[in-house]
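Subject: Handover of a structure and the findings in it

Dear colleague,

Please find below the structure that I am handing over to you. My findings follow it, arranged by region.

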Amino acid sequence: MSEMHAVMYHYVRPSPDRPPHGYYHLALDDFRRQLDHFGKRYGFVDREAFVGWLYGERGVPDGVVLTFDDALVDHYEWVLPELRRRDLWGLFFVPTGPFVTDRPLPVHRIHSLVGAVPADSLRHELEAVLDANPAALDGADSVADAYGEQSSGAAVSEFKRLLNFVVSPGDVQAVLDRLERRLDGYESPSVDDYYLSTEEVEEMVDAGMLFGAHSVTHPVLSRLSPEGQRDEITSSVAWVAEQVGPQPVSTFAYPYGGRETFTDATIDALVDAGCDAAFTTESGVIAGKTASEPFALPRRDCNEFDHGGATFDLP
Ligand SMILES: [Zn+2]
């Protein structure tokens, strides 16, 4: 039976010299080694075979599909040249908020904080902000275990959990503003430092890359009302379609991406927006049953394969 491995990447960079600094990233040399390894061990799925499979015109292709989340500047600076050199393509998922609002997303402001400030201080300052602004807590602590234990320690996990899953989605930016003001000398990252520019997106499209949507504000979609989910999906899919131009398929990646982060209403909105497929972050290969659910396609983190371990140097 054929097996397709969709592999997921975020930060890929030679050094932690820009935000989020010491936060987890895949070192560029490891990325290169991993591509070598994939080429030898699995081979890469041809773009036309991937598209043909999504259209139901052929079976599951064998090999690796490379996916990259969050429209990070890394994907232009270091990933694109590597893919070009090897005549490969990738699928890039764009959260469209930064392009529209010129503000970094909460998820990336959080990474930047964790990469620059000791986790215990962050946790302590966040609790002070939340004590002073209890209305920001919506109490719907429904996905408490989403992060589980991480090697960076419980303080980082708890800091991220509070902001991503406990603070009301509409209040997160304001909570982060207050938190950052309490940290002497801390500088919030700029959109230019962090994300692709529209010109870079254009160049990547010309080089054969595929783009998909990844919501507007990168929320846990299942925490939103059905209307809220629909707005996030419709606007981001429309932005990608307009920015990127005609692409053979319309794809989406669920923010955070576990099974608990989307619902039937999410899938309905994706279908109505004209999407062909959506990726989760649930680990697994695409084959057999998983291949028959195009709106719940599994992906494997790069760290599940040789050379894919994260590099980090947290403060
Ligand atoms: Zn993301």
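In what follows, a residue is called exposed when its relative accessible area is over 50%, buried when that area is under 20%, and partly exposed in between. Asp131 has a relative accessibility of 66%, and it therefore counts as exposed. Asp131 belongs to helix H6. Please bear in mind throughout that this is a predicted model.

The zinc site

A zinc ion is coordinated by three residues, namely Asp70 through OD, His214 through NE2 and His218 through NE2, at 2.1 Å. Along the sequence, these donors follow the spacing D-x143-H-x3-H. Distant parts of the chain are linked by the pair Asp70 and His218, which stand 148 residues apart. Asp70 comes from the loop between strand E4 (63-69) and helix H3 (74-85), while His218 comes from the loop between strand E6 (210-213) and helix H11 (226-244).

Are these two residues buried or exposed? Both Asp70 and His218 are buried. For Asp70 the relative accessibility is 3%, and since buried means under 20%, Asp70 falls in that class. The backbone of Asp70 also deserves a remark: its phi is positive, at about 90°, although the residue is not a glycine. As background, most residues other than glycine have a negative phi.

Packing of helix H10

Helix H10 (residues 198-206) takes part in two of the helix contacts that I wish to report. Because angles of 65 to 115 degrees count as roughly perpendicular, H10 and H11 are described as roughly perpendicular to each other. On the H10 side the contact is formed by Thr198, Val201 and Val205, and on the H11 side by Trp239, Gln243 and Val244. By type, these residues comprise 4 nonpolar and 2 polar, with no charged residue.

The other partner is H3. How do the axes of H3 and H10 cross? They come within 11 Å and cross at roughly 10°. With angles under 35 degrees counting as roughly parallel, H3 is therefore roughly parallel to H10. H3 contributes His75, Tyr76, Leu80 and Arg84 to this contact, and H10 contributes Glu200, Glu203 and Met204. Here the division is 3 nonpolar, 1 polar and 3 charged.

The buried residues in H1 are Leu28, Asp30, Phe31, Gln34, Leu35, His37 and Phe38. Their cover includes strand E1 (4-9), strand E2 (12-13), strand E3 (26-27), E4 and H3. Just after H1, Gly43 adopts a positive phi of about 80°.

Helix H7 (residues 154-166) is mostly covered, with 12 of its 13 residues buried. Among them are Phe159, Leu162, Leu163 and Phe165, together with Glu158, Lys160 and Arg161. The elements that cover the buried residues of H7 include helix H5 (106-116), helix H6 (119-132) and helix H8 (172-181).

Loops and backbone details

The loop between E2 and E3 holds Pro20 and also His21. Which form does the peptide bond from Pro19 to Pro20 take? This bond is cis, with omega near 5°. In general, most peptide bonds are trans. His21 has a positive phi of about 50° although it is not a glycine. With a relative accessible area of 33%, His21 is partly exposed. Pro20 and Asp131 are 111 residues apart along the chain, and their C-alpha atoms are separated by 27 Å.

Finally, Gly284 is found in the loop between strand E8 (277-279) and strand E9 (300-301). Its relative accessible area is 19%, so Gly284 is buried. Leaving aside residues up to four places away in sequence, Gly284 touches Pro298, Arg299 and Arg300. From Ser15, Gly284 is separated by 269 residues in sequence and by 30 Å in space, C-alpha to C-alpha.

With kind regards

Methods. Residues are numbered from 1 along each chain as its sequence is written. This is a predicted model: local features need pLDDT of at least 70, side-chain atom pairs count only at pLDDT 80 or more; totals for chains, interfaces and linings use all residues. Side-chain values use heavy atoms; hydrogens and water are left out. Donors are N, O and S atoms within 2.8 Å of the metal (3.2 Å for Na, K and Ca); water is not among the atoms, so sites may look incomplete. Helices (H or I, at least four residues) and strands (E, at least two) are DSSP runs, numbered from the N terminus. Buried means under 20% relative accessible area, exposed over 50%, partly exposed in between (1.4 Å probe, protein chains only). Axes are lines fitted to C-alpha atoms, for helices over the stretch in contact, and angles run from 0 to 180 degrees between N-to-C directions. Angles under 35 degrees count as roughly parallel, over 145 as roughly antiparallel, 65 to 115 as roughly perpendicular and the rest as oblique. Contact means heavy atoms within 4.5 Å. Ala, Val, Leu, Ile, Met, Phe, Trp, Tyr, Cys and Pro count as nonpolar, Asp, Glu, Lys and Arg as charged, and the others, Gly among them, as polar.
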